[in-house]
Amino acid sequence: MSAAEKARIASFRSRDAARLFIAGRLLCRSIIGRMVGCAPQALTISLTPHGRPYLPDHADIDFNLSHTKDRVALAVCRGGRVGIDIEQPDRLSETEALEIMPLILCERELDDIQRQAPEQRHKAFLSYWVRKEAVLKCRGRGFLDDPRDIALGPADTTANMSKRSFYEANFIRSGSCRSENAPNFLWAVAASQMLSEPIWQQHRDIGA
Ligand SMILES: CC(C)(COP(=O)(O)OP(=O)(O)OC[C@H]1O[C@@H](n2cnc3c(N)ncnc32)[C@H](O)[C@@H]1OP(=O)(O)O)[C@@H](O)C(=O)NCCC(=O)NCCS
């Protein structure tokens with residue numbers, strides 16, 4: 001860990017949050033270190049002014065991290081930008097979801113949710129949420145940009161609906177995943193280039 005990462009670890013009030021951060025940095029350092037042929041501790045990870053981690057010494061490689069309660073996901077891409085989001089279905093109660101839907105979805109997407117059977121709506125909303133958050137993280141400003149401005153196309157591409165037309169479209173892959181002894185979770189990866197089917201690598205033993 002760098003001095004900045006150690007300071008960040010020391011600043012966490014929650015031990016679980018600190019563990020997720022450490023697991024994320026371990027994943028980055030070991031996987032990307034192997035890709036570029038350097039020792040994990042030799043990899044420099046910097047942050048943009050909006051907090052997005054990047055590799056100043058490897059401009060051709062982009063990565064992004066996401067965590068939920070008990071897991072961390074890392075997406076890595078060469079020659080483009082990438083964003084990832086993972087969420088557990090119970091992250092929001094039905095009531096919370098209803099409250100924040102109008103802040104995340106545009107009119108057309110709200111209509112789409114309304115057309116679904118009531119028992120499907122929560123999952124449909126979370127599916128919009130993970131895809132939009134992956135796009136926002138790919139672009140690098142997170143929720144500083146308005147998720148309602150991202151229109152999700154039928155073929156899982158995006159179009160910009162307003163002001164920030166300088167952003168390029170994103171290509172998205174999404175789905176849900178189940179692993180042993182852990183609840184189902186939703187995932188989405190957005191990238192500035194066409195995505196092939198993701199190859200999942202599971203890393204279980206991050207340590208206590
Ligand atoms: C980016 C953002 C959507 C992440 O939300 P979250 O609930 O923590 O979601 P996730 O678990 O999926 O992602 C966390 C990871 O995203 C990455 N990240 C942080 N800021 C990011 C950004 N602006 N863009 C893309 N990725 C970002 C980090 O790797 C972070 O994990 P780490 O701190 O362990 O390295 C949210 O923080 C946001 O909207 N931020 C807006 C920018 C901002 O306010 N920055 C203030 C700090 S300068």
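Predicted model: local features only at pLDDT ≥ 70, side-chain atom pairs only at ≥ 80, totals over all residues.
Me: Let's start with strand β5. Are its residues buried or exposed?

Reply: The general idea is to compare each residue's relative accessible area with a cut-off, and buried means under 20%. Here, β5 covers residues 82-87, and six of its six residues are buried.

Me: Which residues point one way from β5, and which the other way?

Reply: V82, I84 and I86 point one way, while G83, D85 and E87 point the other way. Both sets are buried.

Me: What strand is joined to β5, and how do the two run?

Reply: For pairing, look for bridges: two strands pair if there are at least two between them. In this model, six bridges join β5 to β9, residues 185-191, and the two strands run antiparallel. To find your place, look at V82, which stands opposite A191 in β9.

Me: Now the ligand. How many residues surround it, and which are the closest?

Reply: A residue counts as near if one of its heavy atoms lies within 4 Å. The ligand has 20 residues around it, and the closest are R25, S66, H67, K137 and F143.

Me: How much of the ligand does the protein bury?

Reply: Alone, the ligand exposes 890 Å², and the protein buries 70% of that. The ligand sits in the second largest pocket.

Me: Which element gives the most to the shell around the ligand?

Reply: That is β3, with four residues.

Definitions and conventions: Residues numbered from 1 in each chain as written. Heavy atoms only, no water. Buried < 20%, exposed > 50% of the residue type's maximum accessible area, 1.4 Å probe, protein only. Areas by Shrake-Rupley, 256 points an atom, 1.4 Å probe, with all protein chains shown as cover. 1 Å grid on protein atoms, 1.4 Å probe; cavity = no way out; pocket = protein on both sides within 12 Å on 5 of 7 lines; lining within 4 Å. Sits in = over half its atoms within 2 Å of the grid points.
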